[in-house]
Amino acid sequence: MNHTYTEKTAKPIAPKVQELINASKSVILATVDADGFPNPSYAPFVQVDHTFYILVSFMAKHTKNLADGRKTSIMFIEDESATKQIYARERLTLEAAPSQIERDSETWNNVVAQLKEVHGKVVDVISGMGDFILIALQPVKGSYVNGFGSAYFVDANLEIVEHRNDVNHQSK
């Protein structure tokens with residue numbers, strides 16, 4: 001028997017994309033290496049306008065993937081200890097274009113200062129290490145989910161484009 005999951009059983013919840021981002025101190029990273037193998041990780045971040053910046057070490061596999069401009073996805077997700085329903089955790093997933101920021105450029109200096117303000121004095125230490133680089137993650141497009149039947153397409157400006165009501169949940 002097929003059952004369609006309709007808006008009668010689950011109504012979309014108003015999107016709160018920026019609130020989810022603001023509640024996060026780190027971003028989950030998904031990158032791929034030259035052989036196509038996935039390398040998941042995370043990094044503390046700061047957001048400037050619609051771009052996310054991370055300070056990462058070449059000792060980590062994901063840093064080379066990012067520096068090489070490989071396909072990247074990032075995710076912000078509700079803390080599972082705070083969720084009411086584990087299957088419907090609030091989350092924002094974005095395709096992102098990575099680019100390396102030149103050391104000691106105006107952008108480098110401004111963003112590193114913001115990272116220090118948010119994440120503390122450790123940023124002074126790691127930003128001075130030669131293996132750490134600053135990466136900008138520019139959103140391309142993505143999706144935001146905040147409950148059953150409450151999923152949205154998101155654009156590069158982190159704005160909701162439309163409700164994803166074209167796909168119905170079905171059971172066998």
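Asp124 has a relative accessible area of 41% and is therefore partly exposed, a class lying between buried (under 20%) and exposed (over 50%), with a 1.4 Å probe and protein chains only. Its salt-bridge partner is Lys116, with 2.9 Å between the closest N and O atoms; the term requires a side-chain nitrogen of Lys or Arg within 4 Å of a carboxyl oxygen of Asp or Glu. Lys116 is likewise partly exposed, at 33%.

The model is predicted: local features need pLDDT of at least 70, side-chain atom pairs count only at pLDDT 80 or more, and totals for chains, interfaces and linings use all residues. Residues are numbered from 1 along each chain as its sequence is written, and side-chain values use heavy atoms, without hydrogens and water.

By this rule there are four salt bridges. A network of them links Lys64, Asp68 and Arg70: Asp68 meets Lys64 at 2.8 Å, N to O, and Arg70 at 3.5 Å. Asp68 is partly exposed at 38%, as is Lys64 at 46%.

The structure also holds four aromatic pairs, defined for rings of Phe, Tyr and Trp (its six-membered ring) with centres within 6.5 Å; planes under 30 degrees apart are stacked, over 60 edge-to-face, and the rest tilted. Phe45 and Phe76 are edge-to-face, at 5.2 Å and 70 degrees. Phe45 lies in the loop between strands E2 (38-44) and E3 (46-48) and Phe76 in strand E5 (residues 72-77), so the pair ties together parts 31 residues apart in sequence; strands are DSSP runs of at least two residues, numbered from the N terminus. Phe52 and Phe76 are 5.1 Å apart with planes at 50 degrees, so this pair is tilted. Phe45, Phe52 and Phe76 form one aromatic cluster.

How values were computed. Helices (H or I, at least four residues) and strands (E, at least two) are DSSP runs, numbered from the N terminus.
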